[in-house]
Structure formats: structure tokens, C-alpha cells
Amino acid sequence: MIDPRDRLIIGLDTTDCNSARQIVERIGDAARFYKIGLGLFYIGGIDLARDLIAEGCRLFLDAKAWDIDRTVENAARGAAILGVDLLTVHGDRRVMEAARRGRGTATTRLLAITVLTSMDEAGVRELGWRGTVEDLVLARASHAKAAGMDGVVASGQEAAMLREALGPDMLIVTPGIRLPGSSADDQKRVTTPRAAIAAGADYLVVAREILRAPDPRTAVLRFQEEIAAT
């Protein structure tokens, strides 16, 4: 059973590391799992990740790595040495295999990206895909399982389908989480914490509703209450 505090991953999608650090300090011991993505990656995000890990926090490095084999292998090795819990890579077979080699025997778990929650049917058609979003998510998740990935990143709207297809052991990490009645912003495929957990998601990633809250700690506790009530 995953502790509700560990199911919630706070996305530190701020414009600078000082702001991210202030959010962490305001949240205090109400949470212990944070995500650092590309927004902070190039402006000190790795140093912040190192500090958070040293302080006992868990870290999701949302790098979405996609490059030649050797580069991805080195990136995964570096993330494993850093001590991150979760690392994302794109769902290309050679990329996933390179990430596994780089990770080696470390405990860092590798997640394959399926379809971004900001995309809908029109978006995937622009990529040349003629099926549904669900078909593409399932295809990429199946490739991830075959490649030995530890889990996938997908919308809560596809979590039940993925849990049935992937079985109980692969992780499903779900962004695009909103409290009931909240704005979807630029996300197209959103769901609530209760719905995502009930459908089979293991971890929920929340950024804007916590970062923009007058009191981030209170916002975190609201999400955790929703998760615990599932």
C-alpha cells in the first residue's frame, strides 16, 4: 500500500529554482515527492534535485529523454547516480533499451511517455496517427512493457485500460489531475484524484493547483485527502 503522501507528486513547474525552493519550504512535511521537469532542468534544476534528495525527499526527473543511444544511456546513468526515484524517456524502443542499460541495477525506475495530457485526437492526427488517442496510448504502453520499462506516464482517462493491459506490476503515473470543478487550463485529458486512483493510477502529478494556491500546504492536504478517500 502506497502512503498517500507518496502517491502525490508535486510538479515544481516554476520559472526559477528560488521560487521552487520557496514552494517546497511552504509545503514543509506535508509532502515528500517532487517533480523537476524541463522548465527547471537548464536553470539549476539538477542542483535543486540533488539538494532535495539530500534532504530526504523523493524525486521524479521528468527529462523525457530522446536522443541517440549513447546519450540516453549516459543520461539514465547520471540520473541513477543522482538518486532520482523516477525518470521519463520517450517510448522509442532503442531509447528505452539504452535507458535500461544506463540505469543498470540502480533503484531508479524508468517511465515511458505515452501521449501528453495536453494532446487530443486532433493533436495525435498531426503526428500522423490515424487511430484514437486510446489506441496510441495502448500501443506505446505495450511497447514499454515489452522493453522492460518500470511504468508509463498517461492520463487518468486511460488508467483503467492500461491497468488491465499492463497488469498489476507496472507503474502508472498520471499528470493532468484536477480537483472537481477546477479549470483544465491547457490540458485536454484531465481527471480527478479519486477517479485516477480508482482506475489504477499509482502516482498523481499536480503542479498548477498547488503552485498557484494562496497556501500550497493546504492545497497539498486537500489532494491527499482526496487520494486517501479512494
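The axes of helix 2 (residues 17–27) and helix 11 (residues 216–228) come within 7 Å in this predicted model and cross at roughly 65°. Helices (H or I, at least four residues) and strands (E, at least two) are DSSP runs, numbered from the N terminus. Axes are lines fitted to C-alpha atoms, for helices over the stretch in contact, and angles run from 0 to 180 degrees between N-to-C directions. Helix 2 passes helix 11 in a right-handed crossing. A crossing is right-handed if the near helix is turned clockwise from the far one by less than a right angle, and left-handed if anticlockwise. Ile23, Arg26 and Ile27 of helix 2 and Pro216, Arg217 and Val220 of helix 11 make the contact. Contact means heavy atoms within 4.5 Å.

The model is predicted, so local features need pLDDT of at least 70 and side-chain atom pairs count only at pLDDT 80 or more, while totals for chains, interfaces and linings use all residues. Residues are numbered from 1 along each chain as its sequence is written, and side-chain values use heavy atoms, with hydrogens and water left out.

Helix 2 also meets helix 3 (residues 38–54). Their axes come within 9 Å and cross at roughly 35°. Here too, the crossing is right-handed. Helix 2 contributes Cys17, Ala20, Arg21 and Val24. Helix 3 contributes Leu40, Ile43, Gly44, Gly45, Leu48, Asp51 and Leu52.

A further pair is formed by helix 4 (residues 69–82) and helix 5 (residues 93–103). The two pack at an angle of about 40°, and their axes are 7 Å apart. Helix 4 and helix 5 are therefore oblique to each other. Angles under 35 degrees count as roughly parallel, over 145 as roughly antiparallel, 65 to 115 as roughly perpendicular and the rest as oblique. Helix 4 passes helix 5 in a right-handed crossing. On the helix 4 side, the contact residues are Asp69, Val72, Glu73, Ala76, Arg77 and Ala80. They meet Arg94, Val95, Ala98, Ala99, Arg101, Gly102 and Arg103 in helix 5.

The chain as a whole has eleven helices and eight strands. Of its 230 residues, 51% count as buried. Buried means under 20% relative accessible area, exposed over 50%, and partly exposed in between (1.4 Å probe, protein chains only). Among contacts with a separation of 6 or more, 67% join residues 24 or more positions apart.

The largest nonpolar core has 65 residues. Such a core is a set of buried Ala, Val, Leu, Ile, Met, Phe, Trp, Tyr and Cys residues joined through side-chain atoms within 4.5 Å. Ile10, Leu12, Ile27, Tyr34 and Ile210 have the most contacts inside the largest core. A second, separate core of eleven residues includes Leu86, Leu171, Val173 and Val205.

Leu12 links several parts of the chain. Beyond four places in sequence, Leu12 touches Ala20, Ile23, Val24, Tyr34, Lys35, Ile36, Leu40, Leu48 and Leu52. Ile36 lies in strand 2 (residues 33–36). At 0% relative accessibility, Ile36 counts as buried. Ile36 and Ile46 are ten residues apart along the chain, with 8.2 Å between their C-alpha atoms.

Lys35 lies in strand 2 as well. Lys35 is buried, with a relative accessible area of 7%. A polar contact of 3.1 Å joins its side chain to that of Asp13. A polar contact is a pair of N or O atoms within 3.5 Å; within protein, one must be able to donate a hydrogen and the other to accept it, and residues adjacent in sequence count only if both atoms are side-chain atoms.

Thr114 is found in the loop between strand 5 (109–113) and helix 6 (121–126). Its relative accessible area is 1%, so Thr114 is buried. The C-alpha atoms of Thr114 and Val137 are 5.1 Å apart, although 23 residues separate the two in sequence. A polar atom of the Thr114 side chain lies 2.6 Å from the backbone oxygen of Val153.

Lys64 lies in strand 3 (residues 58–65). Lys64 is partly exposed, with a relative accessible area of 26%. Its phi is positive, at about 50°, although Lys64 is not a glycine. Most residues other than glycine have a negative phi.
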